[in-house]
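I opened this model to see how its chains meet and how its parts pack. My notes follow the order in which I looked things up.

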Amino acid sequence: MKGFWHDAAEFFPILMNGVVLTIVVTIGSLLLSTVLGLVWAMMRVSGIKALSMISASLINVIRGIPIIVLLFYLYFVMPDLGVTLSALQAAILGLGIAYSAYQAENFRAGIEAIDKGQIEAAQSIGMGWWLTMRRVVLPQAVRIVLPPYGNVMIMMLKDSSQASTITVAELALQGKLIASSTFKNTNVFTLVALMYLTMSIPLILLVRHFEKRAGKR
Amino acid sequence: MIELNDVHKSFGENEVLKGITASVQKGEVVCIVGPSGSGKSTILRCINGLESYDRGEISVEGLKVDRDAPSIVNIRTQVSMVFQRFNLFPHRTALENVIEGPLYVKREPRAQALERGRALLAQVGLAEKADAHPPQLSGGQQQRVAIARALAMQPKAILFDEPTSALDPELVGDVLGVMRKLADDGMTMVVVTHEMGFARDVADRVLFIDGGVIVEQGPAKALLNQPQHPRTQDFLRRVLHPL
């Protein structure tokens, strides 16, 4: 046990460099997946057949490709097509796209859960599609969507470790590098696990808060 | 002001409106009565384009109702609607519900919308509930907020779709009272209702609809007191003397 604390003190600063990148990747891909997910969901509920079909197929294609393959594609294949991305850019883009499919389905479920009477009431006072969305549907859908959104945040935090496969030196990769040079597998990976857990706990509490609030009504 | 000419409407195989021809004059109160499933609500929903119709023509002040045309917004701001289930926006206060249309559809200045919104809530007897959210209000109060929301658009006519059907019996009177005052002030109203007392006392004309056609129509008192058609007689007997 004494050995663990000694190692922890020594490796912690290096691992913190990884934590910074983990947070950057998580927040970056969270923002991207939210924006893209909203766009897919809006296309899906637009009532315009072509848009809805494009969005549905896109979501299925994205869902059908493993995140790691998407990352390899962006990082190793795109340069052949003339688009060179840094590892960090490819990671955020890949995770953002991969998760946009889940976000989209979550947002769509939230939008479709709103009572049709709400939409009719909005129309009856002359609101168009976009105004109805912005003033009536989305503000109510947010309450429904937030708890699963919080879960996605937790999953993204953990899945940001997949960025290590394309050389982003985030927490998991830093841990692996230290472990392979010191052979202190147990201590290093225990510390890495504890650090992921520490970052997850605030998010877990946030989800619980969202669920309580959603349950009130 | 509102004209319906041979309007047909089907839901799949089921033809719910089989050629409705009717008109509503400015300042007139018209009640539509009839058994459930007869197409009463569908008529209202076609007038402000919540529902499309298959054949015939509906026009409001000479403007054709076409729910896919941009002009539908124009029609909806002139013809407001009050729903059976109120359909207030639950995430906004009573006052915010009322000023939503004026602020975001008509782009009125905020101060002006607020002032008018408060006055309208006072008019329906709910001045002190301005900051309450719909779930904190009784059904009757919610429906009166919904009427204020409809009035806030300064419409030329209001459509009422069974406005008291979802209310506890003791709350019906408040809502009907507000509606009666509107009628007295000269508002053009089309009311789908089962409240025969209201229809007899307040309406100028009554349309009796059954099976998607107008079976009988005429001045309210005459039609409700001495119905001519056997189906009207039968319906009124059941409604007025259910036992």
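**Where the chains meet**

I looked up the interface first: chain A and chain B bury about 1800 Å² between them, 56% of it on carbon and sulfur atoms. Buried area here is the accessible area (1.4 Å probe) that two parts lose on being put together, summed over both. On the side of chain A, the residues that lose the most area to chain B are A:Ser124, A:Ile125 and A:Arg135, together 36% of what that side buries. I then looked up the contact, which means heavy atoms within 4.5 Å. Chain A gives 18 residues to it and chain B gives 22 residues.

Before going on I noted the ground rules. This is a predicted model, in which local features need pLDDT of at least 70 and side-chain atom pairs count only at pLDDT 80 or more, while totals for chains, interfaces and linings use all residues. Residues are numbered from 1 along each chain as its sequence is written, chains are lettered from A and ligands numbered from 1 in the order in which they are written, and side-chain values use heavy atoms, with hydrogens and water left out.

B:Asn48 sits in the loop between helix H1 (40-47) and strand S4 (55-60) of chain B. Helices (H or I, at least four residues) and strands (E, at least two) are DSSP runs, numbered from the N terminus. Leaving out residues up to four places away in sequence, B:Asn48 touches A:Ser124 of chain A, and its partners in chain B include B:Ile72, B:Arg76 and B:Met81.

I followed B:Ile72 and B:Arg76 into H2(B), where both are buried, as are B:Ile75, B:Thr77 and B:Gln78. Among the elements that cover the buried residues of H2(B) are helix H5 (116-124) of chain A and H1 of chain B.

**The sheet in chain B**

I wrote down the strand order of an open sheet of 6 strands in chain B: S6-S7-S8-S3-S9-S10, with mixed pairing. Two strands pair if DSSP finds at least two bridges between them. Strand S6 (79-82) and strand S10 (213-219) are the edge strands, each pairing on one side only. S6(B) runs parallel to strand S7 (residues 157-161), and 4 bridges join them. B:Met81 stands opposite B:Leu159 in S7(B).

Helix H2 (residues 71-78) lies across S6 and S7 of chain B, at about 65° to S6(B). Axes are lines fitted to C-alpha atoms, for helices over the stretch in contact, and angles run from 0 to 180 degrees between N-to-C directions.

**Rings**

How many aromatic pairs does the structure hold over all chains? I noted 7. A:Phe72 and A:Phe76 have ring centres 5.6 Å apart and planes at 50°, so this pair is tilted. Rings of Phe, Tyr and Trp (its six-membered ring) pair if their centres lie within 6.5 Å; planes under 30 degrees apart count as stacked, over 60 as edge-to-face and the rest as tilted. Both residues lie in helix H3 (residues 67-77) of chain A, 4 residues apart. With A:Tyr75 they form one aromatic cluster.

Last, I returned to A:Arg135: its charged end sits over the ring of B:Tyr104, 3.7 Å from the centre. This applies if NZ of Lys or CZ of Arg is within 6 Å of the ring centre and within 35 degrees of the ring normal.

Note on methods: Buried < 20%, exposed > 50% of the residue type's maximum accessible area, 1.4 Å probe, protein only.
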